[in-house]
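This report goes through selected parts of a protein model in plain terms. Please keep the sequence and the 3D view open while reading.

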Amino acid sequence: MTTLSELVGRTVVSRSSADPLGNLRTLVIDGPRHAIVALQIGKGRKSRFVELGDLRAVGPDAIVVDDESLVHEAVGPAQEATAKGKLDVLGAAAFTSTGVALGAVTDLLLDLDRGLISSVLVGGSEFQGEAVLGFGTFALVVDVPES
Amino acid sequence: MNRPGKAGPAGSAVIAGDPGKTGGKLMPRELVRATELVGLPVLSITEGEAVADIKDVLYAPERGGVLGFTLNRRRTLGGPLKEPLALASIFAIGPDAVTVAAATALDGGASKLRGGARADAQRNVLANQVLTDTGTAIGQVADIIVAIGVVAADGGEGRSGGTYDDGRVWHAGDVVGYELEPPAKGEPPRFLPLPYTLSVSGEILMVPAGVEPYIRDELSALAPAVEAFRASLGRTAETRPADATGPVAAPPTGPPSSPTGPGPTTTTGATGTTRTWPPEER
């Protein structure tokens, strides 16, 4: 199982040209599906994105894509917000669906084979990926058991 | 269960961790002052966005609870939103946010207010006098105490007799007590449990004389006092309002009622059942 904090900063490389395309900044997440949608490469408005399905491999030292043509500018609201730095899951506020602030997201455990969030770490607590209900610029929302 | 979109035990959501490490706040405190809710964000669960801020609490004492909230826009210098957020559109009232399933919950809020009430027909009870039915003044209302948690699917209308069908004493969104002004400067505030039924007039809120032993000087002590007080009333054949057994009133189709709202009346008290997800259309 890979953690997001381990992936951040890892170099993305084109297999066809062997050119480094940039470093992974963060992930674009679909909250209700608790799924990993894309990777942000580089930071700021010049950052680019690659869809998770277009990755060839995630190795211990580099993330490989077949060709640079698979890397594109921000597409859609989520990627655009990510490019603007408004949507970074690491450090995002976590709330329960019952309106309780839990603290900041410290890390994600990732199931890259299935493209899913396995779990979310918030301080000393860990929530299953399936508990993620939504993610936006204000918060990541998780389900919690009722008393 | 608080889960949008999926079935299964909510208890499976937390796989590790100690709630104490998050300040013991995994479950909301059950009772809060209404003023503590003002300024909270309205959080869209599936979008992870704060779609508005709570501007004020719409309270109808004759209905025993919160009708909803008026809202402010989130952006800098954001003014008030025209439509209120009706209780029926809320998933949960929490200590740090009021949550809705999606931003669309804000649409058409005025028409969703409980029983067709109007947002401008709410009653401001602050500074109203609380009087016992034997004629003793207890104090002036400084704040109202609201039950928080997952809002019941019936929006607080599923009461029968003194309690809800689920046997609880209150549901989220019900007002179960008042904070009273300190009797003298320098003294602590007092917290008054409310009965199932409450007589309300222009500036006077009448409660049974038997409430006085249940007044507490700390909010944290109020919840058991409310339960004990209401249990004691259950043994005294309390009268329910005449319309309390009827169906939920439909929103008015004709001209709106008086902006001052319904006249003196009584109301049934109420506590939170679990609401299914996604919330049912009400």
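## Chain B as a whole

The accessible surface of chain B comes to about 12300 Å², and 54% of this area belongs to carbon and sulfur atoms. The model is a predicted one. Chain B has 282 residues, of which 48% count as buried. Its secondary structure consists of three helices and 17 strands.

## A buried valine in chain B

B:Val32 is found in strand 2 of chain B, which covers residues 31-33. Is B:Val32 buried or exposed? Its relative accessible area is 1%. The cut-off for buried is under 20%, so B:Val32 counts as buried.

Which residues is B:Val32 in contact with, leaving aside its neighbours within four places in sequence? They are B:Leu37, B:Ile144, B:Ile145, B:Val146, B:Ile148 and B:Leu219. One of these contacts, B:Ile148, is 116 residues from B:Val32 along the chain.

## A buried serine in chain B

Helix 3 of chain B runs over residues 222-234, and B:Ser232 has its place there. The relative accessibility of B:Ser232 is 14%, so this serine counts as buried.

The side chain of B:Ser232 has a polar atom that lies 2.5 Å from the backbone oxygen of B:Phe229.

## Helix 2 of chain A

In chain A, helix 2 spans residues 76-83. Which of its residues are buried? They are A:Gln79, A:Ala81, A:Thr82 and A:Ala83.

What covers these buried residues includes three strands of chain A: strand 3 (20-30), strand 4 (35-41) and strand 5 (48-51). Just after helix 2 of chain A comes A:Gly85, which takes a positive phi of about 80°.

## A hairpin in chain A

Two of the strands that cover helix 2, strand 4 and strand 5 of chain A, also pair with each other. In what sense do strand 4 and strand 5 of chain A pair, and over how many bridges? The pairing is antiparallel and has four bridges. As an example, A:Ile41 has A:Arg48 in strand 5 of chain A as its bridge partner.

Strand 4 and strand 5 of chain A form a hairpin with six residues between the strands. In this hairpin, A:Gly42 takes a positive phi near 80°.

Terms used:
Residues numbered from 1 in each chain as written. Chains lettered and ligands numbered in written order. Predicted model: local features only at pLDDT ≥ 70, side-chain atom pairs only at ≥ 80, totals over all residues. Heavy atoms only, no water. Buried < 20%, exposed > 50% of the residue type's maximum accessible area, 1.4 Å probe, protein only. Areas by Shrake-Rupley, 256 points an atom, 1.4 Å probe, with all protein chains shown as cover. Contact = heavy atoms within 4.5 Å. Polar contact = N/O pair within 3.5 Å; in protein donor to acceptor, adjacent residues only side chain to side chain. Pairing = 2+ DSSP bridges.
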